[in-house]
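Me: I would like to go through this chain and ask what each label rests on. Please set every value against its definition.

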Amino acid sequence: MAGTNMTDAVEGLKRVISVANWAFGSEELARQFLDLPNPELGGRVPRVIAATDAGAREVEAVLNRFAFGDYS
């Protein structure tokens, strides 16, 4: 079971990195976003949050709001 959790975490992080690269159009900007506390995530660091599937989905939602300008 622990292997599955680790695999899920790795897959979630890979997904988030891909979405961040797409949203920012730059690996450097994506890396900065992923490594810095983010107010949209309550000051938490996206890369840390993305270690769980639920966290990865939360980070992806922030990235999608950024990319599509949807802050309603």
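**Labels and their cut-offs**

Reply: Glu60 is found in helix 4, where helices (H or I, at least four residues) and strands (E, at least two) are DSSP runs numbered from the N terminus. This is a predicted model, in which local features need pLDDT of at least 70 and side-chain atom pairs count only at pLDDT 80 or more, while totals for chains, interfaces and linings use all residues. Residues are numbered from 1 along each chain as its sequence is written, and side-chain values use heavy atoms, with hydrogens and water left out.

Me: Why is Glu60 called buried?

Reply: Buried means under 20% relative accessible area, exposed over 50%, and partly exposed in between (1.4 Å probe, protein chains only). Glu60 has 14% relative accessibility, so Glu60 counts as buried.

Me: Which residues does Glu60 touch, not counting those up to four places away in sequence?

Reply: They are Arg15, Val16 and Val19. Contact means heavy atoms within 4.5 Å.

Me: What makes Pro37 buried or exposed?

Reply: Pro37 has a relative accessible area of 51%, and is therefore exposed. Pro37 is found in the loop between helix 2 and helix 3. Leaving out residues up to four places away in sequence, Pro37 touches Gly43, Arg44 and Val45.

Me: What makes Asn38 buried or exposed?

Reply: The relative accessible area of Asn38 is 11%, so Asn38 is buried. Asn38 lies in the loop between helix 2 (27-35) and helix 3 (46-49). Beyond its neighbours within four places in sequence, Asn38 is in contact with Phe33, Gly43, Arg44, Pro46 and Val62.

Me: How do you know that Pro46 is buried?

Reply: Pro46 has a relative accessible area of 0%, and so is buried. The place of Pro46 is in helix 3. Apart from neighbours within four places in sequence, Pro46 is in contact with Phe33, Leu34, Leu36, Asn38, Leu41 and Val59. The C-alpha atoms of Pro46 and Val16 are separated by 8.8 Å, with the two residues 30 apart along the chain.

Me: What is meant by the largest nonpolar core, and which of its residues touch the most other members?

Reply: A nonpolar core is a set of buried Ala, Val, Leu, Ile, Met, Phe, Trp, Tyr and Cys residues joined through side-chain atoms within 4.5 Å. The largest one has 14 residues, and Val16, Ala20, Phe33, Leu34, Leu41, Val59 and Leu63 touch the most other members. Helix 1 (2-24), helix 2 and helix 4 (53-68) each give two or more residues to this core. For Leu63, the contacts outside four places in sequence are Val16, Val19, Ala20, Ala23, Phe24 and Phe33. In soluble globular proteins, nonpolar side chains tend to be buried together.

Me: How many helices and strands does the protein chain have, and what makes the chain as compact as a globular protein of that length?

Reply: The protein chain has four helices and zero strands. Its radius of gyration is 12 Å, close to the 11 Å that the globule rule gives for 72 residues, so the chain is as compact as a globular protein of that length. The radius is taken over C-alpha atoms, and the rule is 2.2 Å times the number of residues to the power 0.38. The C-alpha trace spans about 40 × 25 × 20 Å along its principal axes.

Me: What percentage of the 72 residues is buried?

Reply: Buried residues make up 28% of the 72 residues in the protein chain.
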